[in-house]
Amino acid sequence: MASAVAQDSSGAPPRAPKSPKAPKRRTGSTPRRLPYLLIAPAGLLMLGFIAYPMLSVFYYSLQNYNPTKPWRNGFAGFDNFTKIFTDDPLFWDSLIFSGKWVVTEVTLQLALGLVLALLVNQTFVGRGIARALVFSPWAVSGVLTTTIWLLLYNPSTGVGRYLADAGIGSYGSSVLSDTGTVFWAAVLAELWRGVPFFAILILADLQSIPGDLYEAASVDGAGRMRQFVHITLPHIKDAIVLATLLRAVWEFNNVDLLLTLTNGGPAGMTTTLPLYVAVTGFEGHDFGYATALTTVAFVILLFCSILYLRLSKFGKDDK
């Protein structure tokens, strides 16, 4: 007690008791590597399922590989690629049709999908049922879609018979065997399946636009068209760019619908490049040449995708 009084009288402040030192954190390399170790199994699986098939395709594109003619198998170098660009008119025909098919399908699907998304984004009675009807074709597989449209295009029991009864067209004529109608018949079948994809993505982006923007625009006297151009389009731009890119890649690689609907005919008019690859590989058993065609298609898609993303400025705000 006396010592405490003596300390107080000296004027020096009492010292606070020392707190126990916190244990030092180990700064070893293990914690930093731990996240990479955790994702390593998934990364190895992805590498095995993606990288290995791609490398295999590049390898076999430099080979002559035909299981029915094993005596001709062996290293071919760039002979397959030389044949593609200099001695294969079917390659150029299928590539031109693929470009025509992709541009037509993606343009129409985007336009119709945007219209449907804007319609089902409005508030009205039965909106849930309308959305279900709009989105339902996307759940149908390509082969089942073909079956539906084959029944519709059947000259004896399909729509053509009823059109002939009404004086439009003739009995027994099939739009899938006519060179003047087969392209648009295939386009219509694919539109039915592809439009919901655009409608789903665009609708999801439309619902993220704040309603206050439209209210402020209405107060300023902006009409529906100006609101669409200056508010709606800028907000859904990235969704449109992404959807068109994904759909263009899928339509370029479209095989199931055209194979089962037209089988590339008539006279090869509806043969896309991937369909030509499938026929060359699985019917002609020329897997070396088919993988060379696949490699060329991969390079074309990669170049067009990069160019499209750069031109569209995907993910960048317009200044």
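Start by selecting helix 10 (residues 224-252) and helix 13: their axes come within 11 Å and cross at roughly 170 degrees. Axes here are lines fitted to C-alpha atoms, for helices over the stretch in contact, with angles from 0 to 180 degrees between N-to-C directions. Helix 10 is therefore roughly antiparallel to helix 13 (angles over 145 degrees count as such). The helices themselves are DSSP runs (H or I, at least four residues), numbered from the N terminus.

A word on the model: it is predicted, with local features needing pLDDT of at least 70 and side-chain atom pairs pLDDT 80 or more, while totals for chains, interfaces and linings use all residues. Residues are numbered from 1 along each chain as its sequence is written, and side-chain values use heavy atoms, leaving out hydrogens and water.

Now show side chains. On helix 10, pick K237, V241, T244, L245, V249 and F252; they meet A297, L301, S305, Y308, L309 and S312 of helix 13 (contact means heavy atoms within 4.5 Å). This contact has eight nonpolar, three polar and one charged residues.

Select N80, F81, K83, I84 and F85 on helix 3, then G288, Y289, A292, L293, T295 and V296 on helix 13, to see the contact. Its residues divide into seven nonpolar, three polar and one charged, with Gly counted among the polar ones.

Definitions and conventions:
Helices (H or I, at least four residues) and strands (E, at least two) are DSSP runs, numbered from the N terminus. Angles under 35 degrees count as roughly parallel, over 145 as roughly antiparallel, 65 to 115 as roughly perpendicular and the rest as oblique.
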